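Subject: Structure for you to look at

Hi,

Here is the structure I promised to pass on, with the sequence alongside. My notes on what turned up follow below.

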Amino acid sequence: MKEQKGNNAELDKELVLKVQQGDKAAFDLLVIKYQHRIIQLVNRYVKDPSEAQDVAQEAFIKAYRALGNFRGDSAFYTWLYRIAINTAKNYLVSRSRRFSDYQIDVQDAEQVENVPQLKGMDTPEFLLMNDEIVNVIKVAIEKLPEEMKTAIMLREFEGLSYEEISQAMECPVGTVRSRIFRAREAIDEKLGPLLD
Amino acid sequence: MTTEINQKISQFLDDELDHACLDELLLKIKQQPELKDKIRRYQMMTQAMTLDSAVIANVDFVTNIGQQLDKEPHHLLPIRTVKKAQNRFWQKTSLAVAATVACIAVILSQSEPLQQTLPSPQLAKADTQVIEVPVQLASTKPTQHERLKAYLQAHNDDLYTHGSLNMQPLVRVASYGQE
C-alpha cells in the first residue's frame, strides 16, 4: 500500500491555499492528482462507469465551491473523500436506487482503495481495456533495467520515500529520483499509443 | 527542458517535489496544458501497478470540471478574510462614532459657558441692575445633560453590543449625572 508521506499534506495544503487565492491551475493539479482515486471510490456506489465519472466530477466541483471554508484541520484528500462519498450517496438517493450502505470510516480512506473487489466498472469494454493497460505496464516493467525496476517497485509497491529507497539501494537520492522518472518514461512510451 | 519538467511531475506524484518547484510546475502546466495528460498517464501507471486495475478517467475530465466552474463563477472568500474585513469595518465605524461623540461633547461644553456669560437684553439696557438668572439656567441644563447622557449611553451600548474586538469606547459612561 502506498503510504502517505508528510510532504503530501504540505504540498496539498499549499495547492489549496493557491486555489483559495484564485489560482485555478492549482485546482486542476489537485483534480489530476486525485481523479483516479475519487472515480474508483465513487464507483463503489455508482456502478455505471460514465455515471461514476459524472458523480466524481460533481464531487470535485462541490469541493471547489467549499474550498473557501477548508481550514486544513484534516488532510485535503480526507476532506475530498467525504465530499465524494456524500455526493455519490446523494446521487443514488436522487435516482431512488437501492444500494448497500457501506459503512466506510473516513479514517480508512486509504485502505478502502486497496480492497480487491473494487472493480465496479465491469462492462466488457472496460474489462478489455483494463486488461490491456495492465498487461502493457507489466511487460514494460519486466523490460526495465534492473536498477530502474527495483526503484519503481520500491516506490509503487512498497510506498517507500526517495530517501528510504536511496538507503535500500545504497545510492544518492538524486539517482533514485532519476531512476524512477526514467522508469515511468519507459512505461509511458508503451502506454501512450494505447490511450491515444 | 521537457525532461526536467516531466521529472518534476514524477516527483510531484511521489510527493517529493520541493515547495519552490511547485510554482514552476504550475506555471508550466498553464503554459503547456498537454502536461496534464502526462500526469494522468503517470497516475494511471501507479493505479495499474498497485491495484492491477486501471481506472480510465475521461481525457477531458479536468477540462469538463473547469468548464462547469467557469459557467457558474463562484467567488472564494476564505472565512478568516471575511472576519478581518468585518472587524475592520466595525473598528472604523466605532472610531467614527467615538470621534463624533467627542466633538459633540466639546461643542456642548463650550456652548454652556457662553450662555452663562451672555447678558440678557434686560441687563444690557440697565447696567446698574445686575440680576443673575439662575432659574433660567437651571431649567435648560438638565435638558442638555439628559440629551448628552442618552447619546453617550447609546454610543456606549452600541460598542459593547456589537463587540468590536480589542476596542474600548473612547467615552465610557459609568455613572453619569452624579456629582
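A word on terms before the tour: helices (H or I, at least four residues) and strands (E, at least two) are DSSP runs, numbered from the N terminus. With that in hand, chain A comes to nine helices and zero strands, and chain B has seven helices and zero strands.

Please keep in mind that this is a predicted model, in which local features need pLDDT of at least 70 and side-chain atom pairs count only at pLDDT 80 or more, while totals for chains, interfaces and linings use all residues. Residues are numbered from 1 along each chain as its sequence is written, and chains are lettered from A and ligands numbered from 1 in the order in which they are written.

The two chains

A residue is called buried if 20 or more other C-beta atoms lie within 10 Å of its own, exposed if 12 or fewer, and partly exposed in between, with the C-beta atoms placed from the backbone. By that count, 37% of the 196 residues of chain A are buried; for the 179 residues of chain B the figure is 17%.

Two residues are in contact if their C-beta atoms, placed from the backbone, lie within 7 Å. Among contacts in chain A with a separation of 6 or more, 67% come from residues 24 or more positions apart. In chain B, residues 24 or more positions apart account for 56% of the contacts with a separation of 6 or more.

Inside chain A

Two packed helices are described by the angle between their axes and the distance between the axes. Here the axes are lines fitted to C-alpha atoms, for helices over the stretch in contact, and angles run from 0 to 180 degrees between N-to-C directions. Helix α2 (residues 24-42) and helix α3 (residues 49-66), both of chain A, pack at about 135°, their axes 9 Å apart. α2(A) and α3(A) are therefore oblique to each other; the scheme takes angles under 35 degrees as roughly parallel, over 145 as roughly antiparallel, 65 to 115 as roughly perpendicular and the rest as oblique.

On the α2(A) side, the contact is made by A:Phe27, A:Val31, A:Gln35, A:Ile38, A:Ile39 and A:Val42, and α3(A) brings residues including A:Ala56, A:Phe60 and A:Tyr64. The residues of this contact of α2(A) with α3(A) divide into eleven nonpolar, two polar and no charged. For these classes, Ala, Val, Leu, Ile, Met, Phe, Trp, Tyr, Cys and Pro count as nonpolar, Asp, Glu, Lys and Arg as charged, and the others, Gly among them, as polar.

A nonpolar core is a set of buried Ala, Val, Leu, Ile, Met, Phe, Trp, Tyr and Cys residues joined through C-beta atoms within 7 Å. The largest one has 66 residues, and A:Ile38, A:Val42, A:Ala56, A:Leu80 and A:Ala84 touch the most other members. α2(A) gives the most to this core, with eleven residues. Leaving aside neighbours within four places in sequence, A:Leu80 is in contact with A:Tyr34, A:Ile38 and A:Ala63.

Where the chains meet

In the interface, 46 residues of chain B are in contact with 49 residues of chain A. Which element gives the most to the chain B side? That is α3(B), with 14 residues. By class, the side of chain B that touches chain A has 23 nonpolar, 15 polar and eight charged residues.

α3(B) packs with α2(A) at an angle of about 25°, with the axes 8 Å apart. That makes α2(A) roughly parallel to α3(B). A:Asp28, A:Ile32 and A:His36 in α2(A) meet residues of α3(B), among them B:Ile39, B:Arg40 and B:Met44. This contact of α2(A) with α3(B) has three nonpolar, three polar and three charged residues.

B:Met44 lies in helix α3 of chain B and is buried, with 22 other C-beta atoms within 10 Å. Its C-alpha atom is separated by 8.8 Å from that of B:Ala57, 13 residues apart along the chain.

Helix α9 (residues 173-195) of chain A also packs with α3(B), at about 105° and with axes 10 Å apart, so α9(A) is roughly perpendicular to α3(B). From α3(B), B:Arg41, B:Tyr42 and B:Met45 meet residues of α9(A), including A:Arg184, A:Asp188 and A:Leu191. The contact of α9(A) with α3(B) divides into five nonpolar, one polar and three charged residues.
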